[in-house]
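I opened this model to look at one strand and then at a domain boundary. My notes follow.

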Number of protein chains: 2
Amino acid sequence: MKKLINAVDAVLAESLDGFAAAHADILTMGEERKFVRRRTLKPGKVGLISGGGSGHEPLHAGFVGLGMLDAACPGQVFTSPTPDQMLAAAEAVDTGAGVLFIVKNYEGDVMNFAMAAEMAGREVATVITDDDVAVENSTYTTGRRGVAGTLIVERIVGAAAEQGRDLAALQALGEAVNGRTRSMGVALSSCTVPAAGTPTFTLGEDEMEMGVGIHGEPGRRRVRLASADAIAEEMLGSVLKDLAPRRGAEALLLVNGFGGTPLMELYLMVDSARRVLEGAGVKAVRFLTGSYVTSLEMAGCSLTLSLLDAETTALWDAPLHTPALRWGA
Amino acid sequence: MKKLINAVDAVLAESLDGFAAAHADILTMGEERKFVRRRTLKPGKVGLISGGGSGHEPLHAGFVGLGMLDAACPGQVFTSPTPDQMLAAAEAVDTGAGVLFIVKNYEGDVMNFAMAAEMAGREVATVITDDDVAVENSTYTTGRRGVAGTLIVERIVGAAAEQGRDLAALQALGEAVNGRTRSMGVALSSCTVPAAGTPTFTLGEDEMEMGVGIHGEPGRRRVRLASADAIAEEMLGSVLKDLAPRRGAEALLLVNGFGGTPLMELYLMVDSARRVLEGAGVKAVRFLTGSYVTSLEMAGCSLTLSLLDAETTALWDAPLHTPALRWGA
């Protein structure tokens with residue numbers, strides 16, 4: 001295992017310490033590193049909290065800040081955070097308007113956030129994201145997996161929260177955005193969880209895992225490496241079949257790298273994806289390209305399409321200031 | 001070779017097309033893809049142009065926009081752009097105040113930019129960056145290599161250009177910033193140039209290349225994989241020895257991934273680097289962490305330290321709006 005680390009059991013703590021130091025203008029770390037939270041809270045604003053296993057950076061802690069999350073709870077690599085982390089985060093960011101949990105659909109995450117919601121003794125609502133069209137049930141999931149589309153939900157709901165919407169409205173908005181957002185991914189290589197020390201799975205020299213999950217869990221099938229155009233057609237084909245957008249629909253295209261794929265290839269995938277979208281009569285009016293929801297150093301990418309209307313486009317564009325995404329602020 | 005591509009000879013063109021489509025609000029592509037340039041030019045502002053081989057994305061095209069470059073000329077992967085690209089870019093962005101070339105110190109780049117400067121028939125000045133302390137001469141270089149510190153020069157000079165400084169002042173500023181900026185890198189794996197199809201070099205299971213260049217060219221020595229702390233000590237030790245900052249000096253710390261290293265490890269390197277800087281009495285007052293000057297999918301990172309004063313800190317913080325970096329705008 002080749003990684004820039006000191007000791008396997010210190011990876012998360014040391015990475016969080018570096019992260020908190022580098023972004024001290026935006027955020028601060030909670031006690032015992034249970035959560036990362038915005039340095040400045042807005043009284044009366046609903047508190048947005050997400051979290052999950054680490055190894056997907058910048059998701060979620062990299063999205064804490066103005067116009068997105070108020071706090072993020074980091075678990076160990078690919079391991080759910082615990083309910084006491086979520087309780088401490090809720091205590092820290094609830095300014096009286098309640099708290100919204102945004103949770104990727106994995107059994108451990110869903111269970112622990114549900115437990116925290118029950119124990120919180122405050123107003124809590126939850127949005128579960130499940131944007132991955134690749135498979136219905138999976139290694140850690142009943143139902144579809146929550147993957148890269150989660151950041152779009154966090155962002156759009158985060159912008160609406162900033163405008164003062166109440167908890168019920170934000171929950172409804174989050175569910176609506178999740179319902180209009182679909183993703184699918186492909187892996188060209190595995191990743192290695194530090195505590196395991198060996199690759200999560202193995203692929204032949206000319207194989208790829210079509211429909212892979214963000215923990216390296218199996219997708220639909222293992223096939224021969226295909227061209228970027230063929231990959232975009234299969235992944236967006238599945239996404240479009242599921243979303244069934246009308247011709248002329250406007251959308252956000254997120255081309256997300258899994259951690260080991262260079263930006264040059266991600267932009268090439270943008271080009272391939274555009275051809276598929278044009279063929280389907282869908283107009284990409286917003287683009288986000290980069291490694292935002294990763295699987296450590298896994299090579300590959302996911303394509304996410306999120307249908308936009310005037311309201312969600314304006315929310316996407318609203319001022320945003322987080323470690324990983326920033327505009328208009 | 002496992003890459004998200006269609007055909008080896010279409011990689012650059014298709015990647016540029018995707019890039020230009022995704023960032024059409026900021027920039028536009030020149031004829032025959034000779035350059036990428038800012039959509040809106042500021043009359044009377046000196047035009048800032050950089051360029052170099054592709055495969056280092058987001059450098060340079062990802063830094064075209066308000067507060068940084070006016071144009072970037074992309075060569076084929078790890079291959080210098082040609083003088084006619086630079087001439088076309090100069091023609092496109094010179095609004096009467098002349099043009100500044102910012103060039104990484106590689107023989108091909110330096111020669112071609114010099115040829116373009118001579119042929120341009122307009123006022124041209126050049127800043128050569130050579131921030132890499134690892135080796136004096138190298139595969140493609142007489143003198144030190146220009147690496148990740150180049151983006152700091154592009155940014156600070158870009159902000160000053162936005163304020164209306166003249167060509168001579170910008171050239172002097174660029175040289176001063178380059179003189180206060182030092183970098184060193186380490187590779188944990190090789191990269192594969194698409195046209196070559198096989199890895200540029202090979203490393204054993206527990207080896208790293210200390211002082212590697214951004215084309216995978218040799219560094220100082222090949223050694224056993226060390227801890228993040230030991231790597232930070234060696235790399236920043238060399239940087240600090242060369243810069244010789246006074247105790248209490250303020251600096252920008254850039255922890256730059258080479259393309260295949262996850263953000264989680266880069267932030268861990270921030271933590272290691274901070275310990276070294278604290279020991280040296282240097283105060284990191286600005287941080288930039290991410291894969292900004294890459295070598296395709298190479299695993300590893302570089303550490304760059306750039307000494308700041310009140311003027312350069314303010315320029316670093318000024319409004320910036322490019323595809324890869326954005327703040328205050």
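I started from a predicted model. I looked up how β7(A) pairs with strand β8 (residues 207-210) of chain A: two bridges join them, and the strands run antiparallel. Within that pairing I found A:V186 opposite A:M210 of β8(A).

Next I checked β12 (residues 300-308) of chain A. It pairs with β7(A) over seven bridges, also in the antiparallel sense. Here A:A187 has A:G300 of β12(A) as its bridge partner.

**Domain boundary**

I then turned to the domains. Chain A splits into domain 1 (12-180) and domain 2 (182-319). Their contact takes 39 residues from domain 1 of chain A and 43 residues from domain 2 of chain A. The C-alpha centres of the two domains lie 22 Å apart.

I looked up the buried area: about 3,200 Å² between the two domains, 62% of it on carbon and sulfur atoms. On the domain 1 side, A:F78, A:V133 and A:R180 lose the most area, together 21% of what that side buries.

For polar links, I counted 20 residue pairs in polar contact between the domains. Of the domain 1 side that touches domain 2, α4(A) gives the largest share, seven residues. The interface has two salt bridges. I also noted the salt bridge between the side chains of A:R165 and A:E311, at 2.8 Å, N to O.

Note on methods:
Residues numbered from 1 in each chain as written. Chains lettered and ligands numbered in written order. Predicted model: local features only at pLDDT ≥ 70, side-chain atom pairs only at ≥ 80, totals over all residues. Heavy atoms only, no water. Pairing = 2+ DSSP bridges. Helix = DSSP H or I, 4+ residues; strand = E, 2+ residues; numbered from the N terminus. Domains from an automatic or database assignment. Contact = heavy atoms within 4.5 Å. Buried area = accessible area lost by both parts, 1.4 Å probe. Salt bridge = Lys/Arg side-chain N within 4 Å of Asp/Glu carboxyl O. Polar contact = N/O pair within 3.5 Å; in protein donor to acceptor, adjacent residues only side chain to side chain.
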